[in-house]
Amino acid sequence: MSAIVGVTTYQIWGIHWWSVTSGTSLAVLVMLLTKTTHPPGGATAMFAILNAANPIYILNPIIAGSLLLVLVGIFVNNLSPNRNYPWYWY
């Protein structure tokens, strides 16, 4: 969500001191409203604006990196026969 906010902010306003601060603040607001607060999310939005990210930034590296982290977590946590990860998906 933060990457979407950051890319959208850059696409609308470009790179200005106020677009960086408003994009980061909007990302934090979205996280608070969805109850998914994660401090690096604000940095993700800020990074998208400062690097003039285009919409492909949302797919690569954000979604690709997230999927890779989940797959590594599933693999590592299921190495032990005593563990069953994940127990359930939300």
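Colleague: How confident is the predictor, in terms of mean pLDDT for the protein chain?

Modeller: This is a predicted model, and the mean pLDDT of the protein chain is 92, with 98% of its residues reaching 70 or more.

Colleague: Which elements have the lowest and the highest mean pLDDT?

Modeller: Helix 4 has the lowest mean, at 91, whereas helix 2 has the highest, at 96.

Colleague: OK, packing next. At what angle do helix 2 and helix 3 cross?

Modeller: Helix 2, which covers residues 17-33, and helix 3, which covers residues 40-50, have axes that cross at roughly 145 degrees and come within 8 Å; the crossing is right-handed.

Colleague: Which residues make that contact?

Modeller: From helix 2 the contact uses Ser19, Val20, Gly23, Thr24, Ala27 and Met31, while helix 3 brings Gly41, Gly42, Ala45, Met46, Ile49 and Leu50. Sorted by class, seven of these residues are nonpolar, five are polar and none is charged.

Colleague: Switching topic, what is the volume of the largest pocket?

Modeller: Its volume is about 270 Å³. The pocket is lined by 13 residues, and those closest to its centre are Met1, Ser2, Ala3, Gly41 and Ile62.

Colleague: Which elements give two or more residues to that lining?

Modeller: Those elements are helix 1 (2-13), helix 3 and helix 4 (56-77). By class, the lining has eight nonpolar and five polar residues, with no charged ones.

Colleague: And the backbone: is the peptide bond from asparagine 60 to proline 61 cis or trans?

Modeller: That bond is cis, with omega near 25 degrees, and proline 61 lies in helix 4.

Colleague: Last one, where does lysine 35 lie?

Modeller: Lysine 35 sits in the loop between helix 2 and helix 3, and although lysine 35 is not a glycine, its phi is positive, at about 55 degrees.

Notes: Residues are numbered from 1 along each chain as its sequence is written. This is a predicted model: local features need pLDDT of at least 70, side-chain atom pairs count only at pLDDT 80 or more; totals for chains, interfaces and linings use all residues. Side-chain values use heavy atoms; hydrogens and water are left out. Axes are lines fitted to C-alpha atoms, for helices over the stretch in contact, and angles run from 0 to 180 degrees between N-to-C directions. Helices (H or I, at least four residues) and strands (E, at least two) are DSSP runs, numbered from the N terminus. A crossing is left-handed if the near helix is turned anticlockwise from the far one by less than a right angle, and right-handed if clockwise. Contact means heavy atoms within 4.5 Å. Ala, Val, Leu, Ile, Met, Phe, Trp, Tyr, Cys and Pro count as nonpolar, Asp, Glu, Lys and Arg as charged, and the others, Gly among them, as polar. On a 1 Å grid over the protein atoms alone, a cavity is a set of points where a 1.4 Å probe fits but cannot get out, and a pocket is an open set with protein on both sides within 12 Å along at least five of seven lines; lining residues have an atom within 4 Å of a point. Grid points are joined across faces, edges and corners, and a volume is the space filled by probe spheres set on the points. pLDDT is the predictor's confidence in each residue, from 0 to 100.
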